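User: I'm new to this one. Please walk me through it, starting with the ground rules.

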Amino acid sequence: MDLAPPTYSFHHLPHAYDLWGDASNPSMVVLIHSKKLNRLAWYKNIPPLLDEGHSVLAFDLPGFGQHRVSSLAEAHPRFYPRCLLSLLDFLEISQSVIVVGVALGGFCALPFALQYPERVRTLVLACSPGGLMTERIQKCKEEADLEDRSYPLVSDPYSHSHSQSLSEFLSDSEHSLSNNTDALLFRQIARLNDTMVAGTNFGPWMKAVALSERDLESFDVPTLVIAAELDLSWSIAAMKGVCDAIPNARMQVMAGVGHSAPFEDPVEFHNLLSAFLQPVAGDSPSV
């Protein structure tokens, strides 16, 4: 049995994706992962979406999971929108899609929606500004960075025993799950990422692709912004700034979870996503 995932070509290299359901389904959900994870992290989020009649597409960003790069430069976020466009064209998905970006995935989701608005039906940004950096958001980010962090933190999530909880081995952008089984699985999924890319400081890259409110003046894609109560990277206040800067956006807050909200509480994440997507069967969500 061939267990290799399907691949498509980007930068002349094969890259992995997973497609569940019919590619022609008018309700296609594209899931874009965070920096610590990859496309495999969506395993709990996909079944309920399929049960509701959606098709689902998950893929690895450059340098993550089974999306290998030949150089660090190829993993730059400026390539993310073209990476997704290449995949959609490869699969002949011509209908507008529902794009869900979490954390780093938001830096693909929002720029893609801006560059190719005709390809996006609805946008969801979770624990991510999507590259949007206003003075207000930047101030909230800086204030959050100065706050006392009460979570036990370590620098290397790959070097610790399997008996530790997630909060004991995650970096400063992640928080605890409810049990060690989920913690171990989180780490095992993360270890599939290219260590060269996973260990890179994305800060300068983020600044290079930063968006302003002016970039969003004519943006009209219905957008849901999801903040996480315990997110040390993007606080509720910062995400409120993101929501206020995006036309047609609404916001929800997930309690008791951190930067990897969909992985930490897939049930609540799905409930918020499902409630927002229900009007997609007609026109667009009310905002």
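Analyst: Helices (H or I, at least four residues) and strands (E, at least two) are DSSP runs, numbered from the N terminus. The model is predicted, with local features needing pLDDT of at least 70 and side-chain atom pairs pLDDT 80 or more, while totals for chains, interfaces and linings take in all residues. Residues are numbered from 1 along each chain as its sequence is written, and side-chain values use heavy atoms, with hydrogens and water left out.

User: What share of the 287 residues counts as buried?

Analyst: Buried means under 20% relative accessible area, exposed over 50%, and partly exposed in between (1.4 Å probe, protein chains only). By that rule, the buried share of the chain's 287 residues is 56%.

User: Why does Asp60 count as buried?

Analyst: Asp60 sits in the loop between strand S4 (55–59) and H2. Contact means heavy atoms within 4.5 Å, and beyond four places in sequence Asp60 is in contact with residues including Ala16, His33, Asn38 and Arg39. Asp60 is called buried because its relative accessibility is 0%.

User: Which residue has its backbone nitrogen 2.8 Å from a polar atom of the Asp60 side chain?

Analyst: A polar contact is a pair of N or O atoms within 3.5 Å; within protein, one must be able to donate a hydrogen and the other to accept it, and residues adjacent in sequence count only if both atoms are side-chain atoms. Gly65 and His67 are among the residues in contact with Asp60. The backbone nitrogen at 2.8 Å belongs to Gln66.

User: Which residues touch the most other members of the largest nonpolar core?

Analyst: A nonpolar core is a set of buried Ala, Val, Leu, Ile, Met, Phe, Trp, Tyr and Cys residues joined through side-chain atoms within 4.5 Å. The largest one has 58 residues. Apart from it there's another core of 25 residues, with Trp42 and Phe269 among them. In the largest core, the ones touching the most other members are Val30, Ile32, Leu57, Phe59, Leu123 and Leu132.

User: How much space lies in the largest cavity?

Analyst: On a 1 Å grid over the protein atoms alone, a cavity is a set of points where a 1.4 Å probe fits but cannot get out, and lining residues have an atom within 4 Å of a point. Grid points are joined across faces, edges and corners, and a volume is the space filled by probe spheres set on the points. The count comes to one cavity of 30 Å³ or more. The largest cavity holds about 70 Å³.

User: What is the phi of Glu92?

Analyst: Most residues other than glycine have a negative phi. Glu92 lies in the loop between H2 and strand S5 (97–102), and is exposed because its relative accessible area is 68%. Although not a glycine, Glu92 has a positive phi of about 55 degrees.

Technical notes. On a 1 Å grid over the protein atoms alone, a cavity is a set of points where a 1.4 Å probe fits but cannot get out, and a pocket is an open set with protein on both sides within 12 Å along at least five of seven lines; lining residues have an atom within 4 Å of a point.
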